[in-house]
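Here is a short briefing on one protein model. Start with the structure, then read the points by topic.

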Amino acid sequence: MRKDIAKMPMQERLQHLFSVVSGQRFLNKQGLGNEVPFFICPYRPEEAVEMERLQRQLVNRLEQAGIRILSINLYDLAIDILKERDIWEQVLELEPTVSKDQLKELLQGVLDPEAHLVPAIAAKLRSVEFDVLFLSGVGEVFPYIRSHNVLNNLQSTAKEQPTVMFFPGSYTHSLETGASLDLFGRLHDDKYYRAFNIFHYEA
């Protein structure tokens, strides 16, 4: 019976993630059945601070082992895009005066994954040499950026190297409903089936 590594102590998870990501099987994208090399690293939302620390430790250990990691935080990237488009100050001024739905609609437009977010990620991919892409900040950009939209639009852009998305929630598969990214363990409407749970991938 497979152990649920996602519920293990952080140091055990760190060791598992290091073993997987540093392995040639992972780096060479083996065992994926021609699927895109996307991996979900789920964690409980209340573990967010611990997971940030684990991610930093993981990056340090991997880079010491000669594996180059490109880390992109979606929240930081969203702010960079708003500043580059000269609308960051405008958003800050508008926020107290408009409804949450109006703000969400505005941000969804200016941070649209296909038109703006993924091209910004693609520019970062082109700017450095790396072996693995780490994506974080998923919870912070909800609801104006949805993780399944990012992954769908990344499929043609980030297929050369493995991508690991750190996800505050669960990645579930069932015969009835298919696979879904359940953000915060509550939102069950993000259908996405092309990624692999990194805790189920053999080192």
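Leaving aside residues up to four places away in sequence, Asn197 touches Ile40, Pro42 and Tyr171; contact means heavy atoms within 4.5 Å. This is a predicted model, in which local features need pLDDT of at least 70, side-chain atom pairs count only at pLDDT 80 or more, and totals for chains, interfaces and linings use all residues. Residues are numbered from 1 along each chain as its sequence is written, and side-chain values use heavy atoms, with hydrogens and water left out.

**Asn197**
- Asn197 sits in strand β7 (residues 196–197).
- Asn197 counts as buried because its relative accessibility is 11%. Buried means under 20% relative accessible area, with a 1.4 Å probe and protein chains only.
- A polar atom of the Asn197 side chain lies 2.9 Å from the backbone nitrogen of Phe199.

**The whole protein**
- The protein has nine helices and seven strands. These are DSSP runs numbered from the N terminus: helices are H or I with at least four residues, strands E with at least two.
- Of the 203 residues in the protein, 45% are buried.
- Take the contacts between residues at least 6 apart in sequence: 76% of them join residues at least 24 apart.

**Strands β2 and β3**
- Strand β2 (residues 69–73) pairs with β3 in the parallel sense, over five bridges. Pairing requires at least two DSSP bridges between the strands.
- Asn73 stands opposite Ser136 in β3.
- Strand β3 covers residues 132–136, and five of its five residues are buried.
- Both faces of β3 are covered. Val132, Phe134 and Ser136 lie on one side, Leu133 and Leu135 on the other.
- In a regular strand the side chains alternate between the two faces of the sheet.

**Helix α4 and its ends**
- Asn73 also caps the N-terminal end of α4, with a side-chain oxygen 2.9 Å from the backbone nitrogen of Tyr75.
- Helix α4 spans residues 74–84; its buried residues include Leu74, Leu77 and Ile81.
- Just after α4, Asp86 takes a positive phi of about 60°.

**α4 against α7**
- Helix α7 (residues 113–127) packs on α4 at an angle of about 105°, with the axes 11 Å apart.
- That angle makes α4 roughly perpendicular to α7, a label for angles of 65 to 115 degrees.
- Leu74, Leu77 and Ile81 of α4 meet His116, Leu117, Ala120, Ile121 and Lys124 of α7.
- The contact residues divide into six nonpolar, one polar and one charged.

Terms used:
Buried means under 20% relative accessible area, exposed over 50%, partly exposed in between (1.4 Å probe, protein chains only). A polar contact is a pair of N or O atoms within 3.5 Å; within protein, one must be able to donate a hydrogen and the other to accept it, and residues adjacent in sequence count only if both atoms are side-chain atoms. Axes are lines fitted to C-alpha atoms, for helices over the stretch in contact, and angles run from 0 to 180 degrees between N-to-C directions. Angles under 35 degrees count as roughly parallel, over 145 as roughly antiparallel, 65 to 115 as roughly perpendicular and the rest as oblique. Ala, Val, Leu, Ile, Met, Phe, Trp, Tyr, Cys and Pro count as nonpolar, Asp, Glu, Lys and Arg as charged, and the others, Gly among them, as polar.
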